[in-house]
Protein chains: 2
Amino acid sequence: MRRMTARPANAHQARLLRLLRDGGPNSRAQLGDQVDLSRSKLAVEVDRLLETGLVVADGLAASRGGRRSHNIRLAPALRFLGVDIGATSVDVAVTNAELEVLGHINQPMDVREGPVAVFEQVLAMAAKLRASGLAEGFDGAGIGVPGPVRFPEGVPVAPPIMPGWDGFPVREALSQELGCPVMVDNDVNLMAMGEQHAGVARSVGDFLCVKIGTGIGCGIVVGGEVYRGTTGSAGDIGHIQAEPDGRPCACGNRGCLEAYFSGAALARDATEAATQGRSAELAARLDEAGRLSAVDVAAAAAAGDATALDLIREGGNRTGQVIAALVSFFNPGLVVIGGGVTGLGHTLLAAIRTQVYRQSLPLATGNLPIVLGELGPTAGVIGGARLISDHLFSPA
Amino acid sequence: MRRMTARPANAHQARLLRLLRDGGPNSRAQLGDQVDLSRSKLAVEVDRLLETGLVVADGLAASRGGRRSHNIRLAPALRFLGVDIGATSVDVAVTNAELEVLGHINQPMDVREGPVAVFEQVLAMAAKLRASGLAEGFDGAGIGVPGPVRFPEGVPVAPPIMPGWDGFPVREALSQELGCPVMVDNDVNLMAMGEQHAGVARSVGDFLCVKIGTGIGCGIVVGGEVYRGTTGSAGDIGHIQAEPDGRPCACGNRGCLEAYFSGAALARDATEAATQGRSAELAARLDEAGRLSAVDVAAAAAAGDATALDLIREGGNRTGQVIAALVSFFNPGLVVIGGGVTGLGHTLLAAIRTQVYRQSLPLATGNLPIVLGELGPTAGVIGGARLISDHLFSPA
DNA sequence: GTTGCTTTGTCCTGTGACTGGAGAAAGCCA
DNA sequence: TGGCTTTCTCCAGTCACAGGACAAAGCAAC
């Protein structure tokens, strides 16, 4: 079945589609208030959109003291796929055209198995969502991968934690398999777009979105647009030096932030503490292989374990020092903290805040909120849907 | 005498004015090639510009095998003023509409004397340039000040090194005195715009411009536009922590980059080395008050003094470490090093390069040139002219 | 029910922006 | 002098758009 064959024919139509996406159903009059076009011109464009089937008019709204208005809304059958590929798990979700999540699956997975195996799994998950009746097909898909991406082509470049992916034509391959347009981006950028669309970053033009998962990355939004850098590696803050001649890092350098704090580093440090008998609480959570995960540390911290709390605080301090530097440099209007280690929540946040507020200049921190992401694991998939809808809702 | 009363009436005219500014005189046909308008429409807009007097047609170009074309150029009487206020000196220059420097004066000065005294001096310098016959008046002025600026209003905010300036309405006051439109920005942003217009950063979309003068700052250009941050303090990297619990800094914190390397820090360290007898070369340059300046260090280094070279190298290393972090974060296409301490040149550059190439990821540094600014002290004033011309050459 | 008022949506015409072609002007070359 | 090229101008036709007139549809007061 072919879907969404039409695209907006001009900037007006694209604008209208985005308004309907972000603001939900609207009357012609309400649209006119937001769009600075005469009612006649607006009517023409809306009619054309109705003809293409991209939007539909269904039912009448309640009267506001005069003639009742028609509800104009995006085609209710439109479906976007959001895919967030992490280091150790995948999230796949379907949304409608308003980017509301209709169904969401999370499964463990290992990126290092390579793109072929991973996409087999992703396609199976997508098929499952479709089979459950949530979608008859997909009109577009936005994919996030945990590494730098050459954005225009949708190809990962030199990704440190997923070596088999270098140069794999993700966009092209998935577009073929799914039979719909596909856009690919860094997972951190997707999270930023998610929080921008439906989370804490609504209405903020310039902000940073720090994602602490298996690694650490940072989404950069400038004037409402994701900034990707010259080679697509902007925001790659995991390998900023946090300690001169410090711990060795997987990247070959020493003292990288990621070597001190990230899901992986936290798990390793906690395991060490547990096996050295520094924390009974942590030791009790060791698995058969004698290992701990970041989730265990979060649980131990929630139970009040001092060692776990110390690990989190120390990591938060390191991260906070780096963020403080970025805040001085970038002067954002908001800093969002998110990612897999959400359980660490407020202990982590407090440590980061302390460092930033202490080290950055008052002018940069004066009105700077530093908050946790609001969407959790759905930020990435919503960001994916947002990414592809931005693409499709732009002039052909 | 009233000047440049007209402004471009629409985006087409603005575009044409900028093309003429950046590309020099052009025929209608050449303009048409760059502007994607029909020849008829183009002719209409050019005619309107000719009517307003913003552009003039003077003479015929050589034939290229057919009818000779008219030379269309910006009005030759247009004059912009570029003012670059540093911590210890001012640069004032006049340019024509193509932003070519026609005259340039530099004078020592102390910002701490406050805006009134400083502007008295600036106005005198501008009058001198005018008196020398280079300009009959000014059509606009771009001013750079060494501190953060609330850009839309042109007002310095909480500038650390120039306390008397906080909230002083620079734009309004100067506009009144000069009788022409004025725009105000951070001096570092001006330098970035200068190098972008006429220096090493031509044709680079995303780059960083690190200015090492009395302090250290960084101009950020994203997609060809200067990025100023939420409160106008973006690029304020002098107070990024370079050393935990390090040297006390004038800002009240400890370990700031500026406490280790900047014109002021370098002078202080060199003076110390000289008085402690660690360098005869430096000691020979002490002034009557027993002090050295950054220029003395540069001279000593040029003479091969090991202590001076060490100081520069050490400072370069610190600066390079911070820049490495910023490169990882921002992934620029170019890094420009400039500012008062140009004499330190290649020793400094080598130290910075070493750190950046060693600490940043290959993807970010692979094609990353790190170069000295090309314009020296004229970068700022050209940037000022560029700033105001961008403003004036935009639709009214 | 009727009347007046409000809101929503449609229709129509006039205006200005813009394109593309025809051709004039001006130059080169043989 | 006649072809060929480039540059520039003029003109008519097309399209985008605004804004007013008007129709449709609803509410409320009488």
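Predicted model: local features only at pLDDT ≥ 70, side-chain atom pairs only at ≥ 80, totals over all residues.
Local features are given at pLDDT of at least 70 and side-chain atom pairs at pLDDT 80 or more, whereas totals for chains, interfaces and linings use all residues. Residues are numbered from 1 along each chain as its sequence is written, chains are lettered from A and ligands numbered from 1 in the order in which they are written, and side-chain values use heavy atoms, without hydrogens and water.

**Exercise 1. The surroundings of A:Val170**

Task: Determine which helix holds A:Val170, whether the residue is buried or exposed, and what is in contact with it.

Solution: 
- Step 1. A:Val170 belongs to helix α5 of chain A, residues 170-178. Helices are DSSP runs of H or I with at least four residues, strands are runs of E with at least two, and both are numbered from the N terminus.
- Step 2. The relative accessibility of A:Val170 is 0%, so the residue counts as buried. Buried means under 20% relative accessible area, exposed means over 50%, and partly exposed lies in between (1.4 Å probe, protein chains only).
- Step 3. With neighbours within four places in sequence left aside, the contacts of A:Val170 are A:Phe119, A:Gly154, A:Pro156, A:Trp165, A:Ser175 and A:Val184. Contact here means heavy atoms within 4.5 Å.
- Step 4. Between A:Val170 and A:Val149 the C-alpha to C-alpha distance is 9.8 Å, with a separation of 21 residues in sequence.

**Exercise 2. The surface near DNA strand D**

Task: Describe which residues come nearest to DNA strand D, which helices supply the surface, and which atoms make polar contacts.

Solution: 
- Step 1. There are 21 residues around DNA strand D, and A:Ser38, A:Ser40, A:Lys41, B:Arg39 and B:His70 come nearest. A residue is near a strand if one of its heavy atoms lies within 4 Å of it.
- Step 2. Of the atoms of DNA strand D that come within 4 Å of the protein, 63% belong to sugar and phosphate.
- Step 3. At least two residues of this surface come from each of α3 (39-52) of chain A, α2 (28-35) of chain B and α3 (39-52) of chain B. The largest share, three residues, is that of α3(A).
- Step 4. By class, the surface near DNA strand D has two nonpolar, 11 polar and eight charged residues. Ala, Val, Leu, Ile, Met, Phe, Trp, Tyr, Cys and Pro count as nonpolar, Asp, Glu, Lys and Arg as charged, and the others, Gly among them, as polar.
- Step 5. A phosphate oxygen of DNA strand D lies 2.9 Å from a polar side-chain atom of A:His12, and a phosphate oxygen lies 3.1 Å from a backbone N or O atom of B:Ala29.

**Exercise 3. Salt bridges**

Task: Characterise the salt bridges of A:Asp47, B:Arg112 and B:Lys211.

Solution: 
- Step 1. Side chains of opposite charge can pair when their charged atoms come close. A salt bridge is a side-chain nitrogen of Lys or Arg within 4 Å of a carboxyl oxygen of Asp or Glu. The count over all chains is 37 salt bridges.
- Step 2. A:Asp47 and A:Arg28 form a salt bridge with an N to O distance of 3.4 Å. The two residues are 19 residues apart and link distant parts of the chain, A:Asp47 being in helix α3 and A:Arg28 in helix α2 of chain A. A:Asp47 is partly exposed at 37% relative accessibility, as is A:Arg28 at 27%.
- Step 3. In the salt bridge of B:Arg112 with B:Asp110, the closest N and O atoms are 3.2 Å apart. B:Arg112 is exposed at 64%, whereas B:Asp110 is partly exposed at 25%.
- Step 4. B:Lys211 and B:Asp187 form a salt bridge at 3.2 Å, N to O. B:Lys211, at 14%, is buried, and so is B:Asp187, at 9%.
- Step 5. A network of salt bridges links A:Arg18, A:Arg21, A:Asp22, A:Arg386 and A:Asp390.

Conventions:
Polar contact = N/O pair within 3.5 Å; in protein donor to acceptor, adjacent residues only side chain to side chain.
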